[in-house]
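Subject: Structure handover

Hello,

My notes on it follow below.

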Amino acid sequence: MARAPLSRRLRGLLRGRGGGFRSSPSSSASSPAGSPPGSAGSPGSRTSGPVPAVRSLGHTPNPYVRAGGLVAVVLIGAWLGLLVVGSVRTPVGPMDTKMALRPSLTGGTKINVSPLGALELDSHHAPVRLDVDVDQLDPERSQALVNHPERIAGLQDEIAADVASGTVELGVRSVVAVVSGATVLGLAVYRRPRRALAAGGLAFALLAASGAAAYATWNPKSVLEPKFSGLLSSAPSVVGNARSIVSDFDVYQQELARLVTNVTKLYDATANLPAYQPDPSTMRVLHVSDMHLNPAAWHIIESLVEQYEIDVIIDSGDTMDHGTAAENSYLDPVETLGAPYVWVRGNHDSAQTQASLEERENVHVLDDGDAVTVAGLRIAGIGDPQFTPDRSVQAAGDDAERAAGRHLARAIDAERKKGTAVDIAVAHNPVAARETDGTVPLVLAGHTHNRKTYELDGGTRLMVQGSTGGDGLRAVEGDEPADVQASILYLDRDERTLQAWDEITLGGLGLSTAEVSRRLPDENTPGGEPSPAPSGSPSPSSSPSSPSPPGSSGSRSPTPSATAPDG
């Protein structure tokens with residue numbers, strides 16, 4: 001009978017309601033009247049008086065393990081909070097940027113300038129890093145600087161104020177993100193509000209400590225010793241020593257403002273190209289080449305596609321500069337240009353470049369003599385056999401180019417025998433393109449950054465395009481900026497023969513001119529006689545303010561010699 005109260009006490013102990021066995025009035029009162037000696041609750045019971053406490057049979061977590069688990073929940077929750085809502089988009093001068101805090105073992109600041117690379121500064125030592133992504137140059141804010149030059153003097157103060165404002169907003173958002181992330185994850189793991197609030201409080205304390213560490217170790221001189229990666233690794237040799245820039249900041253500020261002005265003028269020129277009414281009897285092909293990572297080239301192409309109602313874009317290569325995987329993000333706009341994009345590899349485009357383009361929608365990559373029908377045109381092409389940025393391999397030279405051209409000619413001949421005659425051939429190097437003479441009416445090339453048109457002995461017209469990127473990153477190397485060049489080709493929709501072409505020339509960096517020159521082939525073409533240049537333009541090299549489409553009324557303009565340069 002004495003075991004019954006003992007069992008009840010043991011069950012109570014396992015349930016957490018007791019810590020040992022002690023006699024008490026309640027226990028004595030609960031004993032049945034007349035219990036025999038030795039029974040529970042009787043005066044002679046063996047359990048009367050203090051009895052050593054029995055240890056709980058449940059598992060008690062190690063306090064260090066519990067603390068480590070709480071810290072893990074706080075860190076993971078804070079990290080997730082920063083990823084989801086811990087970033088802000090803020091204008092800095094004429095640029096749109098994205099700022100974010102990220103966990104880091106070393107701290108510092110990383111400025112990403114896609115697709116050129118990144119700039120890292122040893123600005124502070126703390127478990128958080130500041131990431132700044134430079135998205136794009138805002139044309140409207142840049143245009144405001146052009147229209148109001150007096151604002152350039154205050155550009156430095158404006159940028160400083162923008163950075164301060166963005167940093168404050170980022171700090172507030174980061175606190176909310178860290179505390180919310182840790183609290184929500186703590187509630188999901190522990191299912192107890194107190195533990196969740198403790199996780200949020202610890203997250204706030206850690207962020208505050210990180211901010212204090214960053215403030216204590218802030219190094220404003222870190223801008224003097226930046227670390228470049230990607231294409232920016234060559235920045236010290238391009239922009240000069242960073243110390244000289246800081247010491248002569250007034251001069252640097254003026255040059256920076258001038259650069260903003262030049263880019264704005266380039267955008268403004270491309271956005272106001274002369275428009276015209278397209279003739280339904282013509283097909284319109286936009287020929288571009290050698291963009292060399294110039295981001296303004298995509299804006300130019302998009303503007304031409306929209307205003308000239310382009311049916312297909314043909315790019316004869318050298319879209320990249322070094323062909324690295326880091327440059328592939330430069331290709332992102334290719335899917336949204338508004339027209340199919342046909343591309344061949346240039347000597348600055350790598351196999352990685354080609355693979356990236358092959359995965360994108362709206363893009364047709366031609367190589368090894370492949371042919372494709374786009375917008376009713378049969379186009380064949382071959383990639384450049386050389387990759388010249390790789391200095392570990394000796395350049396094969398013109399012999400390799402001629403061999404590639406002969407391979408393309410054989411592929412074109414095979415297409416003709418199958419009854420699918422090629423209308424346009426594409427190669428990057430004119431040396432390779434010349435080998436297709438007699439097999440195709442028109443062959444397009446680039447590479448030389450010098451626009452010319454030739455009529456070859458076999459009857460093939462070779463059109464070599466200039467640089468649609470204005471020489472790209474090399475634009476500042478010469479004494480004068482290189483022009484931005486592209487061409488609009490008009491072909492008869494039934495016969496697919498060349499009727500005329502317009503040469504688009506935009507002033508390079510620092511210039512805001514836009515010139516459209518009409519060129520005509522010697523022979524008469526189906527689909528109507530091509531129009532002359534507008535009145536007041538004595539020769540095809542003049543710059544009409546509103547070019548007329550092929551097929552419209554008007555007298556025929558003079559045609560330059562077939563073998564002479566056309567631009």
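How many salt bridges does the count come to? The count comes to 14 salt bridges. Please keep in mind that this is a predicted model.

Salt bridges

Arg-284 pairs with Asp-311, with the closest N and O atoms 4.0 Å apart. Arg-284 is buried, at a relative accessible area of 6%.

A second pair is Asp-367 with Arg-345, where the closest N and O atoms are 3.0 Å apart. Here Asp-367 sits in the loop between β10 and β11 (371-374), and Arg-345 in the loop between β9 and α11 (351-358), so the pair links parts that are 22 residues apart in sequence. Asp-367 counts as buried at 19% relative accessibility, a value under the 20% cut-off. Arg-345 counts as buried too, at 15%.

Lys-417 and Asp-413 also form a salt bridge, their closest N and O atoms being 3.4 Å apart. Both are in helix α12 (residues 398-417), four residues apart, and so are separated by about one helical turn. Lys-417 is exposed at 63% relative accessibility, while Asp-413 is partly exposed at 25%.

Nonpolar cores

The largest nonpolar core has 33 residues, of which Leu-286, Ile-301, Ile-313 and Tyr-341 touch the most other members. Elements giving two or more residues to this core include β7 (282-288), α10 (296-308) and β18 (498-506). Its largest share, seven residues, comes from α10. Leaving out neighbours within four places in sequence, Ile-313 has contacts that include Leu-286, Ile-301, Val-305 and Tyr-341. Another core, of 20 residues, lies apart from the largest one and has Ile-314, Val-342, Leu-366 and Leu-489 among its members.

A buried serine

Ser-467 is in the loop between β16 (461-464) and β17 (484-492). Ser-467 is buried, with a relative accessible area of 2%. A polar atom of the Ser-467 side chain lies 2.7 Å from the backbone oxygen of Asp-290. Not counting residues up to four places away in sequence, Ser-467 also touches Ser-289, His-449 and Gln-485, among others.

Surface

Ile-76, Trp-79, Leu-80, Leu-83, Val-84 and Val-85 make a nonpolar surface patch of about 540 Å². Of these, Val-84 is in helix α3 (residues 63-85) and is exposed, with a relative accessible area of 67%.

Regards

Key: Residues are numbered from 1 along each chain as its sequence is written. This is a predicted model: local features need pLDDT of at least 70, side-chain atom pairs count only at pLDDT 80 or more; totals for chains, interfaces and linings use all residues. Side-chain values use heavy atoms; hydrogens and water are left out. Patches are made of residues with over 30% relative accessible area and no salt bridge: like charges are joined within 9 Å, nonpolar side chains (Val, Leu, Ile, Met, Phe, Trp, Tyr) within 5 Å. Accessible areas come from the Shrake-Rupley method with a 1.4 Å probe; for residues, only the protein chains shown count as cover. A salt bridge is a side-chain nitrogen of Lys or Arg within 4 Å of a carboxyl oxygen of Asp or Glu. Buried means under 20% relative accessible area, exposed over 50%, partly exposed in between (1.4 Å probe, protein chains only). A polar contact is a pair of N or O atoms within 3.5 Å; within protein, one must be able to donate a hydrogen and the other to accept it, and residues adjacent in sequence count only if both atoms are side-chain atoms. Contact means heavy atoms within 4.5 Å. A nonpolar core is a set of buried Ala, Val, Leu, Ile, Met, Phe, Trp, Tyr and Cys residues joined through side-chain atoms within 4.5 Å.
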